[in-house]
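The sequence and model are shown first.

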Amino acid sequence: MKKFFSVLLAALMLFTVAGCGASEPAPAPAEPAQEAAPAEPAEPAPAPESEPAEEPVASGEPVTILVAAAASLEYSYKDELIPMFTEKYPWITVEGTYDSSGKLQTQIEEGLEADVFMSAATKQMNALKDESLIDADSIVDLLENKIVLIAPAGSEPAAKSFETVTDAATIAVGDPESVPVGQYSKEAFTNLGIWDAVSAKASLGTNVTEVLNWVAEGSADVGVVYATDAATTDKVQVVAEAPEGSLEKKVVYPVGIVSASQHKDAARLFVEFLQSDEALAVFEAYGFTPNK
């Protein structure tokens with residue numbers, strides 16, 4: 001009997017343990033491993049930063065502009081300034097036409113398709129402005145020049161000053177009707193009281209270059225040109241500058257944009273370039289001084 005109870009107790013204990021174990025939820029079967037999604041292609045690593053490239057100058061459609069400039073500007077424009085400008089703005093081609101300011105004024109009045117005008121005197125610029133052929137707000141009185149008496153290089157000058165110019169047998173001056181250097185010459189000689197005597201001996205050039213060449217070739221004993229023109233050749237010598245007070249105003253070179261220009265953006269860039277320090281340094285090398 002004792003043995004029976006011992007067996008019964010053991011069975012009860014076994015049943016209790018088994019019951020307790022059955023009350024706990026069986027562990028859920030492990031979910032099957034999901035197939036890994038294909039990996040997204042990795043973005044390439046950014047290249048290491050380097051020094052930023054120099055910003056290119058803004059460019060535009062290829063364009064050609066025509067600059068009508070006084071003859072005394074030809075060397076500085078053709079040899080230095082235009083090449084410098086086109087290097088900076090390679091899509092802009094600059095062509096030049098050079099003559100007396102009076103002739104260029106007439107050509108613009110008659111329809112010359114110029115974009116920029118630069119004269120050797122304010123008279124021609126003001127006339128075109130008054131006729132609404134030059135944009136008034138674009139005009140800049142850029143440079144100053146001087147007029148000088150010249151003689152052939154190596155010669156004994158036939159006249160040694162403006163006051164004694166009539167000592168020379170032949171005198172070359174620009175035509176006062178159309179050539180600014182001639183207008184300045186007439187003004188100086190008129191204020192000295194000798195214009196009538198000068199004009200009796202004068203050969204009238206159609207521009208300052210012609211006057212310069214006559215003296216350089218010995219066709220005239222003396223002549224009056226701009227200081228900048230005299231500096232372009234070793235075939236002439238400067239005898240004297242116009243006396244103080246013989247000119248009422250300075251010899252000023254203004255520049256402006258032609259109102260009928262079809263390329264005003266390019267023309268504006270050129271006028272702005274002429275006012276830059278680098279351009280003014282070129283003008284100074286040719287004998288001009290910035291107008292202040």
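## Aromatic pairs

Tyr-89 counts as buried, at 13% relative accessibility; buried means under 20% relative accessible area, exposed over 50% and partly exposed in between, with a 1.4 Å probe and protein chains only. The model is predicted: local features need pLDDT of at least 70 and side-chain atom pairs count only at pLDDT 80 or more, whereas totals for chains, interfaces and linings use all residues. Residues are numbered from 1 along each chain as its sequence is written, and side-chain values use heavy atoms, with hydrogens and water left out.

Rings of Phe, Tyr and Trp (its six-membered ring) pair if their centres lie within 6.5 Å; planes under 30 degrees apart count as stacked, over 60 as edge-to-face and the rest as tilted. By this rule the count is 13 aromatic pairs. In one of them, the ring centres of Phe-85 and Tyr-89 are 5.0 Å apart and the planes meet at 45°, so the pair is tilted. Phe-85 is itself buried, its relative accessible area being 0%.

Phe-270 and Phe-273 form another tilted pair, with 6.5 Å from centre to centre and 40° between the planes. Both residues belong to helix α9 (residues 264–274), where they are three residues apart, about one turn of the helix. Phe-270 is buried at 0% relative accessibility, and Phe-273 is buried at 4%. One aromatic cluster includes Phe-85, Tyr-89, Phe-270 and Phe-273, and among its other members are Trp-91, Tyr-184 and Phe-288.

## Helix α3

Helix α3 spans residues 101–109, and its buried residues are Ser-101, Gly-102, Leu-104, Gln-105 and Ile-108. Seen down the axis of α3, these buried residues fall within an arc of 160° (taken from the directions from the helix axis to the C-beta atoms), so they line one face of the helix.

The buried residues of α3 pack against strands β1 (63–70), β2 (92–99) and β3 (116–118), and against helices α4 (122–130) and α5 (180–191). Contact here means heavy atoms within 4.5 Å. Just after α3, Gly-111 adopts a positive phi of about 110°.

## The chain as a whole

The chain holds ten helices and eleven strands, defined as DSSP runs numbered from the N terminus (helices H or I, at least four residues; strands E, at least two). Of its 292 residues, 40% count as buried.

Among contacts in the chain with a separation of 6 or more, 79% come from residues 24 or more positions apart. The chain exposes about 16,700 Å², and carbon and sulfur atoms supply 53% of that area; accessible areas come from the Shrake-Rupley method with a 1.4 Å probe, and for residues only the protein chains shown count as cover.
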